Amino acid sequence: MELQFGAEVEDFRDEVRTWLAEHLVGEFAEHRGVGGPTDGEAWEVRLAWDRELSAGGWLGLGWPREYGGRGLGLLEEIVFEYEYARSGAPYRATGNALDLLGPMLIAMGSEEQKQRFIPRILAVEELWGQGFSEPGAGSDLASVRTRAELDGDEWVLNGQKVWTTFGMQADWLYVLCRTDPDSTRHKGLSMLLVPTDQPGVEIRPIRSLAGQDEFTEVFFTDARTRADLVVGDVGQGWRTAMGTLGIERGATLLPAQLAYEREMDALLELARERGALTDPMHRRSLLDAWMSVRIMRTTNLRTVAELLQGRTPGAQATTAKLYASTNHQRMGHLAMQIEGAAGQIVADGYGLDVRQRSLLISLAETIYGGASEVQRNIIGEKVLGLPRDPKPL
């Protein structure tokens, strides 16, 4: 996948390529492509790489200069992320803070919060986790039950969060809480910033199907945080949370596309090695997979073009997550079918090969970031204009 972004960013593109070529060496080069948004492999190496990026001024490219960013535009961000993905650099360990918390603070945080937290995020001095999902309140965040009560100049938190990615490494959590005990659903929620190094916060790892413990569950028992560490207004946490989840990540669309295309190329190579191209059923499935990746490419390029033009992305952006996650799983199942019995063998110590791990990790893609059932409801109601599902009797 090779793209041209125009003469106005050619110098910047050359700068990115030169820096990556000079710094992606040694241990970093040995870990090309390692990790992912829910993959904690080689954590310390990735953390060291993030600090290398920070020293080079490559974190927070679009963030305001007064907080340590470079104040660049979306086009430069897209070029950087694309070249970063093409180089095979390790997946950034600080993605949660860079992709979600930082933009949320810039858009909705107080000036004191921006001055306090953003420079430390960019310097990779503090790591963050997200406290949104709960048992019984996964994709339905309006059902959050973790509560926070004001006690003098501090909030006191009690409750439980689950599926907190990289929670074991987090120094802080941004937590959606119910601060009005008499409220229901979307009302009475607040977004609090909570330090993890205190007696009232217990973080337990959850082992995933892929044999990793990057997910955690978090228990708050009279945990405390300062009264002024509320992002946005008290009681308006739903608006803050939706603003966080709605932050446009146009810069990451092309790297994700590049990953799908590389995986498709590897699948075709596997099919050639195993003689699967002579099987009519496998050949048809491979063609379907190849077409799905091309559809994703067209969708992502269209969305990026709309963002660069300052337009709100069209309906294709709403359907993209559902389409990509379901088709990625189909690609994984197809790879296992072509591998045959070898795909069912796991080495001692739960050692998975690349295709096995990809399939198992992809099973979560139809859950996190908006479950497929929720995505279908959104598409039906917001895109197709269908009536809402009736409430059960």
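Colleague: Let's begin with helix H8. How many residues does H8 have, and how far does it reach from its first C-alpha to its last?

Modeller: Helices (H or I, at least four residues) and strands (E, at least two) are DSSP runs, numbered from the N terminus. The expected span of a helix is 1.5 Å times one less than its number of residues. H8, residues 253-274, has 22 residues and reaches 32 Å from its first C-alpha to its last, close to the expected 32 Å. Just after H8 comes Gly275, with a positive phi of about 70°.

Modeller: A word on the source: this is a predicted model, in which local features need pLDDT of at least 70 and side-chain atom pairs count only at pLDDT 80 or more, while totals for chains, interfaces and linings use all residues. Residues are numbered from 1 along each chain as its sequence is written, and side-chain values use heavy atoms, with hydrogens and water left out.

Colleague: Which residues of H8 are buried? And what do they pack against?

Modeller: Buried means under 20% relative accessible area, exposed means over 50%, and partly exposed is in between (1.4 Å probe, protein chains only). In H8 the buried residues are Leu254, Pro255, Gln257, Leu258, Tyr260, Glu261, Met264, Leu267, Leu268, Leu270 and Ala271. They pack against helix H4 (74-87), helix H9 (280-308), H10 and H11, where contact means heavy atoms within 4.5 Å. Take Leu254 as one case: its relative accessibility is 1%, so it counts as buried. Leu254 and Tyr91 are 163 residues apart in sequence, and their C-alpha atoms are 14 Å apart in space.

Colleague: You mentioned H10 and H11. How should I read a pair of helices like that?

Modeller: Two packed helices are described by the angle between their axes and the distance between the axes. The axes are lines fitted to C-alpha atoms, for helices over the stretch in contact, and angles run from 0 to 180 degrees between N-to-C directions. Here H10 (residues 315-339) and H11 (residues 354-362) pack at about 145°, with axes 9 Å apart.

Colleague: Which residues of H10 and H11 meet?

Modeller: From H10 there are His328, Gln329, Gly332, His333, Ala335, Met336 and Glu339, and they meet Arg355, Gln356, Ser358, Leu359 and Ser362 of H11. By class, that contact has 3 nonpolar, 7 polar and 2 charged residues. In this scheme Ala, Val, Leu, Ile, Met, Phe, Trp, Tyr, Cys and Pro count as nonpolar, Asp, Glu, Lys and Arg as charged, and the others, Gly among them, as polar.

Colleague: Now for H6. Why do its buried residues line one face of the helix?

Modeller: H6 (residues 111-122) has 12 residues and reaches 17 Å from its first C-alpha to its last, close to the expected 16 Å. Its buried residues are Gln113, Lys114, Phe117, Ile118, Ile121 and Leu122. Seen down the axis of H6, they fall within an arc of 125°, so they line one face of the helix; the arc is that of the directions from the helix axis to the C-beta atoms. Their cover includes helix H3 (43-55), helix H5 (95-108) and strand E4 (172-178).

Colleague: And what about phi?

Modeller: Most residues other than glycine have a negative phi, and most peptide bonds are trans. Val124 is not a glycine, yet its phi is positive, about 55°. Val124 lies in the loop between H6 and E1, and at 2% relative accessibility it counts as buried. Ala42 also has a positive phi, near 50°. Ala42 sits in the loop between helix H2 (26-30) and H3, and its 23% relative accessibility makes it partly exposed.

Colleague: Is Leu20 buried or exposed? And which residues does Leu20 touch?

Modeller: Leu20, found in helix H1 (residues 10-23), counts as buried at 4% relative accessibility. Not counting residues up to four places away in sequence, Leu20 touches Trp49, Glu83, Tyr84 and Ser87. Glu52, in helix H3, is partly exposed, with a relative accessible area of 26%. Leaving aside neighbours within four places in sequence, Glu52 is in contact with Trp19, His23 and Phe28.
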